[in-house]
Amino acid sequence: MIQCQSCGMPLNKDPMGGGTEADGSRSAKFCSYCYEAGAFLGTVKTSKEMQAFCMAQMRKQGMLRPMAWLFTRQIPHLERWQDK
């Protein structure tokens, strides 16, 4: 399973098929919720902020807090958050 290297969402679950690079091509690393036209979207600046944001979105969809935590615990280890 290939996952977004920003939020951890499986890329095969992205309704847009992934984010886009500056040249308009499909990104192989980032989902359309995180990345568009070669730039990251939103105001999230740290892995902890991304974890909190993703957990909140999952909770809005009815997911229990422990499950949301399990799905987001790998976020600090994703490519976007390395060296930060």
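**Briefing on the predicted model**

Cys-31 has a relative accessible area of 0%, so this residue counts as buried. The structure is a predicted model.

**Cysteines**

- The number of disulfides in the model is zero.
- Cys-31 takes part in no disulfide, and the nearest cysteine sulfur, which belongs to Cys-34, is 3.7 Å away. A disulfide requires sulfur atoms within 2.5 Å.
- Cys-54 is likewise in no disulfide; its nearest cysteine sulfur is that of Cys-7, at 5.0 Å.
- Cys-54 has a relative accessibility of 11% and therefore counts as buried.

**Nonpolar core**

- The largest nonpolar core holds 17 residues, and the members that touch the most others are Cys-4, Cys-7, Cys-31 and Met-50.
- Helix H1, which covers residues 47–60, supplies the largest share of this core, namely four residues.
- Beyond its neighbours within four places in sequence, Met-50 is in contact with Ser-6, Cys-7, Cys-34, Val-44, Ile-75, Arg-80 and Trp-81.

**Met-55 in helix H1**

- Met-55 is located in helix H1.
- The relative accessibility of Met-55 is 16%, so this residue counts as buried; the limit for that class is under 20%.
- When neighbours within four places in sequence are left aside, the contacts of Met-55 are Arg-65, Ala-68, Trp-69 and Thr-72.
- Met-55 and Phe-71 are 16 residues apart along the chain, and their C-alpha atoms are separated by 8.3 Å.

**Gln-3 in the segment before E1**

- Gln-3 belongs to the segment before E1.
- With a relative accessible area of 18%, Gln-3 is buried.
- Residues up to four places away in sequence not being counted, Gln-3 touches Gly-8, Met-9, Pro-10, Leu-11, Lys-29, Gln-74 and Leu-78.
- The C-alpha atoms of Gln-3 and Met-16 lie 14 Å from each other, the two residues being 13 residues apart along the chain.

**Surface patch**

- A nonpolar patch on the surface is formed by Leu-64, Met-67, Trp-69, Leu-70 and Phe-71, which together have about 520 Å² of accessible area.
- One of these residues, Leu-70, is placed in helix H2, which comprises residues 65–72.
- Leu-70 counts as partly exposed because its relative accessibility is 40%.

**Salt bridge**

- Side chains of opposite charge can pair when their charged atoms come close.
- One salt bridge is found in a search of the whole structure.
- Its partners are Lys-29 and Glu-79, whose closest N and O atoms are 2.9 Å apart.
- Lys-29 lies in the segment before strand E1 (35–36), whereas Glu-79 lies in the segment after H2, so the pair ties together parts that are 50 residues apart in sequence.
- Lys-29 counts as partly exposed, given its relative accessibility of 38%.
- Glu-79, at 40% relative accessibility, also counts as partly exposed.

Definitions and conventions
Residues are numbered from 1 along each chain as its sequence is written. This is a predicted model: local features need pLDDT of at least 70, side-chain atom pairs count only at pLDDT 80 or more; totals for chains, interfaces and linings use all residues. Side-chain values use heavy atoms; hydrogens and water are left out. A nonpolar core is a set of buried Ala, Val, Leu, Ile, Met, Phe, Trp, Tyr and Cys residues joined through side-chain atoms within 4.5 Å. Buried means under 20% relative accessible area, exposed over 50%, partly exposed in between (1.4 Å probe, protein chains only). Helices (H or I, at least four residues) and strands (E, at least two) are DSSP runs, numbered from the N terminus. Contact means heavy atoms within 4.5 Å. Patches are made of residues with over 30% relative accessible area and no salt bridge: like charges are joined within 9 Å, nonpolar side chains (Val, Leu, Ile, Met, Phe, Trp, Tyr) within 5 Å. Accessible areas come from the Shrake-Rupley method with a 1.4 Å probe; for residues, only the protein chains shown count as cover. A salt bridge is a side-chain nitrogen of Lys or Arg within 4 Å of a carboxyl oxygen of Asp or Glu.
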